[in-house]
Amino acid sequence: MGTRVAPVSGWGRYPVQSCELERPERYADLRPFDGGLIVRGQGRSYGDAALNEDGRVLLTERVNRLLDLDAEQGILRAEAGVTLAEILGVIVPKGWFLPVTPGTKFVSLGGCVAADVHGKNHHRDGSFCDHILGLEMILADGRRLPCSPAENAALFWATVGGMGLTGIIGEVTLKLIPIQNGYMKVHHRAAGNLEQLFQLLEDPAMDDRYTVAWLDSLATGQHLGRGIAMFGHHAASEDLPAGLDNSPKPGRSRAIPFDFPAIALNPASIGAFNAWYYAREGKKREPFLCGYDPYFYPLDAIGNWNRMYGKRGFVQYQCVIPGATAFDGIKALLGKLADSRRASFLAVLKRFGAQGKGLLSFPMAGYTLALDLPIRDTGLFELLDELDQIVLKCGGRIYLAKDARLSAESFRAMYPRYGEWLKIKNVVDPKNVFSSSLSRRLGVDGDMA
Ligand SMILES: Cc1cc2nc3c(=O)[nH]c(=O)nc-3n(C[C@H](O)[C@H](O)[C@H](O)COP(=O)(O)OP(=O)(O)OC[C@H]3O[C@@H](n4cnc5c(N)ncnc54)[C@H](O)[C@@H]3O)c2cc1C
């Protein structure tokens with residue numbers, strides 16, 4: 001099969017590395033390569049998880065068939081290269097929805113398994129792995145092996161959240177959730193500071209299936225952590241006014257045609273946007289209807305929005321902090337960020353439910369904060385190292401699917417089940433065939449026998 005060498009990056013456009021790309025056309029062509037490889041779905045991880053500098057990257061975009069949909073039971077079986085967008089196009093008209101979805105639909109099913117992605121409903125429904133009925137894995141020795149929580153379970157729990165390092169995820173069988181239409185019922189509440197925001201997110205009377213908060217990352221002093229808490233659930237038939245079609249029309253996608261100059265997103269422009277957004281969204285106290293697409297995937301409406309951050313790219317810093325230390329930890333992180341005058345255009349806070357069984361899965365009970373930070377100089381990396389120290393002190397961790405710069409030492413401290421994971425990796429991939437730029441940076445490969 002032919003390969004070509006090209007510069008590749010993740011969604012953050014940092015780092016950019018030369019990789020040898022192979023694109024199998026059929027499921028039967030998915031096989032490991034003795035010289036080492038990593039699988040790449042849609043490349044929506046932000047950093048170097050789907051990169052393999054000067055090595056092989058296996059693209060799954062053509063291995064994307066929907067194999068079976070049991071429309072009675074809501075069970076889907078598909079090849080791992082299929083995107084969530086393609087799946088939604090088929091299941092929503094039949095009254096089903098994804099049990100967990102990240103903030104973009106342009107990701108592959110395999111990428112969702114490998115990162116064990118979470119959505120706005122983690123506090124209620126857990127992460128992606130909690131809804132997987134089974135996987136077919138293609139291992140380093142070429143064997144095709146089923147795994148699930150009940151069968152070859154050790155491989156399953158090492159694979160969900162395992163960032164593609166245990167083998168090729170070939171097929172996925174997923175349990176869907178029923179919906180009555182394509183609309184969401186949503187309401188917002190403004191919070192004047194972080195304390196009020198936490199109160200809203202903790203309030204059982206406010207809680208909903210999907211809960212998330214937008215933060216003004218530039219607010220300081222008594223307004224530090226001000227934001228909008230957003231609550232929503234799938235609308236029932238009786239929520240829709242008479243005459244409204246069950247399926248909202250998908251919005252038109254607009255593209256960013258060129259790289260913005262890095263200066264375009266500066267504290268002044270972001271501050272002006274934040275003030276406008278806070279005032280506008282905070283007014284939406286009454287429940288309103290919203291199509292599922294703009295609700296779950298607002299950024300998908302702007303193609304290549306990552307170009308807004310300029311040619312040098314950006315880092316998404318996403319951490320989780322356990323419940324007991326979450327308020328103080330998030331306050332310290334936001335304070336340090338505000339002091340640095342490095343504004344984050346996007347700042348999102350979510351509550352997480354209990355930690356799952358994935359050995360390298362990111363979520364743990366507490367709060368997760370995500371910040372998008374443009375790379376203008378190396379000072380950013382020094383700041384992020386300082387943020388890591390706060391996260392570590394609070395007992396939290398960084399999300400590998402977003403990461404491009406965490407140290408091996410911090411990774412070990414943040415992922416205490418790494419040792420258990422490594423034992424399974426050594427059994428299923430003793431020659432370390434599955435290796436990425438991320439795994440080498442985090443020292444995962446350094447331990448192999
Ligand atoms: C706008 C935006 C919003 C996002 N929101 C969220 C969110 O709310 N929650 C969340 O959890 N994540 C979120 N993400 C991150 C994203 O969901 C994950 O990074 C996901 O893994 C991307 O899927 P992908 O197909 O692009 O995978 P890639 O980026 O191509 O790969 C990611 C990892 O999965 C592995 N992988 C992919 N396919 C396979 C396969 N078939 N077999 C083995 N390994 C494989 C790769 O080796 C790599 O380690 C967001 C990303 C963006 C750009």
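These are my notebook entries on a few places I looked up in this structure, which is a predicted model.

**Entry one: a sheet**

I began with an open sheet of 4 strands. I read its order as S1-S2-S4-S3, and the pairing is mixed. Which strands stand at the edges? I found strand S1 (3-8) and strand S3 (37-40) there. Each has a single partner strand, so one side of each is left without a neighbour in the sheet.

Then I followed S3 to its partner. S3 pairs with strand S4 (residues 56-59) in the parallel sense, over 4 bridges. For one spot to look at, I noted that leucine 37 stands opposite arginine 56 in S4. A reminder to myself: strands of a sheet pair through backbone hydrogen bonds, either parallel or antiparallel.

**Entry two: helix H6**

Next I turned to helix H6, residues 267-282. I checked its length: at 1.5 Å a residue, its 16 residues should span 22 Å. The end C-alpha atoms are 21 Å apart, which agrees.

Which residues of H6 are buried? My list reads Ile270, Asn274, Tyr277, Tyr278, Glu281 and Gly282. Seen down the axis of H6, these buried residues fall within an arc of 100°, so they line one face of the helix.

On the face turned away from the buried side of H6, I found the exposed residues Ala268 and Ala272. I also asked myself what covers the buried residues of H6. The cover includes strand S12 (183-191), strand S13 (210-215) and strand S14 (227-234).

**Entry three: two domains**

Stepping back, I looked up the domain assignment of the protein chain. It gives domain 1 (66-179) and domain 2 (183-405). How far apart do the C-alpha centres of domain 1 and domain 2 lie? I noted 24 Å. The contact between them takes 29 residues from domain 1 and 29 residues from domain 2.

My last stop was lysine 425, which has its place in helix H11 (residues 418-428). Is this lysine buried or exposed? Its relative accessibility is 1%, so lysine 425 counts as buried, the cut-off being under 20%. I also compared its position with that of aspartate 385, 40 residues apart from lysine 425 along the chain. The C-alpha atoms of lysine 425 and aspartate 385 are separated by 28 Å.

Definitions and conventions:
Residues numbered from 1 in each chain as written. Predicted model: local features only at pLDDT ≥ 70, side-chain atom pairs only at ≥ 80, totals over all residues. Heavy atoms only, no water. Pairing = 2+ DSSP bridges. Expected span 1.5 Å × (residues − 1). Buried < 20%, exposed > 50% of the residue type's maximum accessible area, 1.4 Å probe, protein only. Arc of directions from axis to C-beta. Contact = heavy atoms within 4.5 Å. Domains from an automatic or database assignment.
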